[in-house]
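I open this notebook to record what I looked up in the structure, entry by entry.

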Amino acid sequence: MKKRTKKIFISVLAAATIYTSTGPVFANQIVVTMPQTIYESTDSQNLSSGVVHEKIQKFTHAGWWNINVIRIDLTNQYTELKGLFNPNGIPNRDKVSSMVDKSGAIAGINGDYFNYQPLPFSLGVLISDGEVISSPNHLPTLSITNSNQAIIDYFDKTMVATNMYKGTQSTITYVNKLSTYMDSITLLNKHWGQKSIGNRFHNDLVEVLVVDGIVQEKRKGGAPFDIPKTGDAYVLAVRNTTLDHFEAGDSVNLQLSTTPNVESLKFAIGGGSIILKNGELSLTDINSKGDAPRTGIGVNKDSTELILVTIDGRDTSFNGVSQEMFGAILRDLGAYNAINLDGGGSTTMAIKPKDEEKSIVVNKPSEGTERLVVNGVGVFSDAPIGELSYLKLTTDDDQMFIETTRAIKVKGYDENHNPKDLDESKIKLSVSGVEGEFEGNKFKATSSGNGKIIAEYDGVVGEMNIEVLGPVIDLATDTTRINVEPNSQHKIGEFYGKDKNGTKAKIYTEDVVFNVLGGIGEIKDGIFNSTDQVVSGAISAYVGNSVENILVSIGSQGKLVHGFEQLEGFNFTSYPSIVTGNVTLSDESHEGNHSLSLNYNFTQGTNTRAAYANFTPNGATGLKLPEQPKKLGLWVKGDGSGTWLRGALKDASGKEHLIDFVKTLDSTEWQYVTANVPNNVSYPVTLEKIYVAETDSLKKPSGSILLDGLTAYYPSPIGNMELPTPTVVKDELETQQAVGENGFSFKVAANTLIDGTNAYNVTKQNDVLLININSSKSGIRATNANQWTTLIKDLETRSETSFVLSLPTSIFGSNGFTDKLEAELLHSKLVEAKERGKNIFVVHGGNSTGSELIDGIRYISLDTVQKKNEVQFVVNGDIITYQISK
C-alpha cells in the first residue's frame, strides 16, 4: 500500500451560482469556492490489473472530506463494469457489500436513485452484459460501449410488444418498474423476482405471461404468476384495456431498443444529474441541495479512465458537500465529465481484494450501517494468474516492545495483483536495524529501535517497517473484570502496553505471564478455564516488570425483574408500519399464572421486519434494571418460525445497545435463553423492548411467542484480597525543581484558559515558545480555521526547543474536540514536532486536574470549573520540568 501525505495552503476565491433545473441546462456557469486545504493524505491499493482504490482524507477550512476513489483503466482488457442487484429480485434491496460478495466483484458502489412504493425499483436505466435490466427514463445515464468508451448522456427508448397473429401493438412504458396506479404497461422478467404483482395491490390488474414468444396465460385480478427463470419469459401488466388483444396461444414479438443502441453497450446506469460537462460544473436534473454524502462517477477527458467516487457526510467529522462542490471535487480528481448517483444514507463503497473472503466497506455510511439499495455498480476483473511479482508483509501492529513477539504475514502477488499461493517453508525472514530472532513467522525483538522485516521467496523480496519500543512500563487489558459460570471457558482479552514515553502497542497473550490467585481456575493458551466452585479471585498478568490485575468471580446470582403477570406496562410497535401485531396476556405460563404473548404478522413488507413489546411501566420508557447486571435471561415459547429474538438496552449515556437472546427461535417448547449485557455500557441500564425480527425477504412468518420470568444476573461478590500494585507510566519531567542559575519559571493558571475571546498568539521566553490556541467552540477549526495554518507553520519552522500550547478545552474524550479526527491530527502534528527534537507540553482546560504522557507529548489538564489550580514550569538550560498545584 502506498501512502502520500501533503499539506496545501491555497484558496480559490469566487462566487457561487446555484440553481435547480428540470431538464438539461449547461448555459449558466456554476462556480464554487474550494475551501482552503490544511492537510491531506492518500492511501492507494491495487485491487487488480487496471483497478486502484484510493482513500483520501482532506482536512479543509470547511471540515474533513473523506473521499474514496476507485480508478478504472478503461483500456485494460481484463476489467469491466456490471450492474449489481439482489439475485432474488430487484425489489429485494441489498447492501452494496453483500452484492459485491454475491457477484464476485472486486469493488462496488451504490447506484441509481430508487423509489420505495409500491415496491422498490430504480428510477433510471440499468444495462448489464448488454441486457436491459431496468428501462431508461428522462434522467441522465452513464454507459460503457463495447469499445470501452464511457459516455454520459440521455437515453431514449422504444419498447413494444406486437401480437403477430392480430398485428396489434402495445407500448411498454417500464421494464422491471412499477407505477402506483399501474396504468401504464410494465414488463417484469426474471430479474424482478420469483413472482409478478397479481392482485397484491389491485384487483383489476391484467397480467399476460409470455414464454418463448407465446402467450401462456392471461389473468385479471388473479394470483401472481411464477416468472420462469429460463428461456425468454416475462409478464406484461397494466390496469386498463391495452393488453386485451392478447390471448393464450398468441405469438408475441418483443422489441426493447434504446438510443444509444443497447446492442452497442456493455453497461449503463442511471443517475440524478450531470454535475460536470466538458470540464465545467453543471446541474441538469435532480438538485439534491445542501451538504450531504455523495456518490458519483467521472470520466477523464480522453475516456481512458473511469473514476468512481464517494464522499462521506452527516458525521461529527465529515459534513459532506453540496452537489456543485462534488462536481468540483470530481474535476480535481481528474474527471472531465461526471454524473451524480444516489447519495445520502445510500452512499457506500466496498472493495474485495482477491485474497479476501469478504468485502470491506471503506467509507463511513451516514446511518451507521449500510442502507439497503436497489442496485449498484460492480467492478470485475478476470486478469489471468501470472508469475510471482512481489511480496506484501503485514502484521497487526507495526510497533512492538522489546522481548515481545509479532506475527508476520507474507502474501505473494503476480503482475496483475492476483494472489499467489506460497509455500511457507520456503519463506526466508530476516531483520535489519534492530536485533531479534524468528520462530516460524513469529519475530521476537531483543533490541529497540527502528528496523525492517525482510522476506525473500524464490528471489522475490519484500519488506515492512517495524518499530521496537523499550520495556513495557504500563500493562493494560480491555477486560479488567471477568464473571463466568462454573466449569466454563473465557477468552482472556487483548493486552496493551506503554513504554516510558506513553507510546502504546499491542501485546500478544503468549507474551504475558499469568498468576491465577484464589483457586478460581487456570489459563491455557489464552483461555481461562474456571473451577466448578462459586468463588472469587484474581489473575495477575506480567510482562517484564509491568503488572495488571483482572478481578474474577465465578457464578452469578439471578434476580427476577419482571414476571409478565399483567398487561399494564406494555405496548406494541412495529417496523415497518405495514407489519401488524399486538401484545396480549396469556394464561399459559412457565412461571406464575400468566405470560406475555407477542403476536406478529410479517407476511407484508420485505427485508427486515420487527415486532416490539415495549416496556412502559407507569408510563415510563423502558424497565430500569437495578444495579449492574451482566446478563439477562427469560423463558420463551416459540412458534417454530425461526425468528430472531432480541432486546434493546439504553445506558446512562443515552446510547442504545442491541442484545441477542437467540438468533433462530425454531422451537415450539419452553426454553431458557440469555443475553449478555455489553461490556461497554454505562450503568444504570434500561431494558426498552424485547422483540422478534425477520431479515430474510423470502420468509413471511406470522405467529406468536410467549415470554416469562425475565431475570437479571449479577456477578458473585469479590472479597478483599492482596494483589500486586499495577504499574503505571510516571512522567520523569513532572517533578518539583528549583530554578537554577540562568534558569527561569512561568505559570499557566486555570483561570487564564477560559477566555474564549483570545485569538492565536505566540510568546517567546528564551528557548520556550508559548502558543495560545482558541478552541472554545470545541475545536480549533470550528473556532477559527486560520489557526491551523499558523500552528503547522510554527511547529515546522520555529527554532525554539520547547513548545507549550494552551487551549481552553480538552482535546480528547467526551468533553474534548467534537471532531475526533481533528484531535488525532493535532496529536500527530505534535508527535512529528517531537520527532524533530522538540519538547511538547499541552495545557488545556477540563473538569479535572492531572497529566497524561502520550507518545512523548505531555497533556496537562487544569480544572477550569473550579479555576483554582495552575501548572508551574521550571526551565534550567535544556531541561524543562513542571508541577501541577491542585
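This is a predicted model: local features need pLDDT of at least 70, side-chain atom pairs count only at pLDDT 80 or more; totals for chains, interfaces and linings use all residues.

**Entry 1. The end of helix H2**

H2 is followed by Gly 334, and the phi of Gly 334 is positive, near 115 degrees.

I then asked how many of the 10 residues of H2 (residues 323-332) are buried. The count is 8, so the helix is largely enclosed by the rest of the structure. I listed the buried residues by name: Gln 323, Glu 324, Met 325, Phe 326, Gly 327, Ala 328, Ile 329 and Leu 330.

**Entry 2. Helix H1**

I turned to helix H1, which covers residues 96-103. Its buried residues are Val 96, Ser 97, Ser 98, Met 99 and Val 100. They pack against strand S5 (79-84), strand S6 (107-110), strand S27 (349-351), strand S28 (360-361) and strand S29 (376-381).

I also looked up the residue just after H1. It is Gly 104, and its phi is positive, about 85 degrees.

I noted a general point before going on: most residues other than glycine have a negative phi.

Asp 212 has a phi near 55 degrees, a positive value in a residue that is not glycine. I located Asp 212 in the loop between strand S17 (206-211) and strand S18 (214-220). Is Asp 212 buried or exposed? Its relative accessible area is 55%, and exposed means over 50%, so I recorded Asp 212 as exposed.

His 417 is not a glycine either, and its phi is positive at about 70 degrees. His 417 sits in the loop between strand S33 (409-414) and strand S34 (419-420). Its relative accessible area is 16%; the cut-off for buried is under 20%, so I recorded His 417 as buried.

A cis peptide bond joins Gln 117 and Pro 118, with omega at about 0 degrees. Pro 118 lies in the loop between strand S7 (114-115) and strand S8 (121-122).

The peptide bond from Tyr 575 to Pro 576 is also cis, and its omega is near -15 degrees. I found Pro 576 in the loop between strand S51 (570-575) and strand S52 (580-586).

**Entry 3. Ile 133**

I looked up Ile 133 and found it in strand S10 (residues 131-134). Its relative accessibility is 2%, so Ile 133 counts as buried.

Which residues does Ile 133 touch, leaving aside those up to four places away in sequence? They are Phe 85, Ile 90, Leu 126, Ile 127, Ser 128, Val 175, Asn 176 and His 191.

I also looked up the separation of Ile 133 from Trp 64. The two are 69 residues apart in sequence, and their C-alpha atoms are 37 Å apart in space.

**Entry 4. Thr 727**

I located Thr 727 in the loop between strand S61 (702-715) and strand S62 (744-749). Leaving aside residues up to four places away in sequence, Thr 727 touches Ile 473, Asp 474, Leu 475, Asn 545, Ser 546 and Val 547.

I then looked up the distances from polar atoms of its side chain. The backbone oxygen of Ile 473 lies 2.8 Å from a polar atom of the Thr 727 side chain. The backbone nitrogen of Val 547 lies 3.1 Å from a polar atom of that side chain.

**Entry 5. The whole protein**

I finished with the protein as a whole, which has 6 helices and 70 strands. Its radius of gyration is 32 Å, close to the 29 Å that the globule rule gives for 886 residues, so the protein is as compact as a globular protein of that length. The C-alpha atoms fill a box of roughly 110 × 75 × 65 Å along the principal axes.

I recorded that 52% of the 886 residues count as buried. Among contacts between residues at least 6 apart in sequence, 68% join residues at least 24 apart. The protein exposes about 38700 Å², and carbon and sulfur atoms supply 45% of this area.

The mean positions of the 81 positive and 103 negative charges are 4 Å apart.

Note on methods:
Residues are numbered from 1 along each chain as its sequence is written. Side-chain values use heavy atoms; hydrogens and water are left out. Helices (H or I, at least four residues) and strands (E, at least two) are DSSP runs, numbered from the N terminus. The radius of gyration is taken over C-alpha atoms; the globule rule is 2.2 Å times the number of residues to the power 0.38. Buried means under 20% relative accessible area, exposed over 50%, partly exposed in between (1.4 Å probe, protein chains only). Contact means heavy atoms within 4.5 Å. Accessible areas come from the Shrake-Rupley method with a 1.4 Å probe; for residues, only the protein chains shown count as cover. Lys and Arg count as positive and Asp and Glu as negative; His and the chain ends are not counted. The place of a charge is taken as NZ of Lys, CZ of Arg, CG of Asp or CD of Glu. A polar contact is a pair of N or O atoms within 3.5 Å; within protein, one must be able to donate a hydrogen and the other to accept it, and residues adjacent in sequence count only if both atoms are side-chain atoms.
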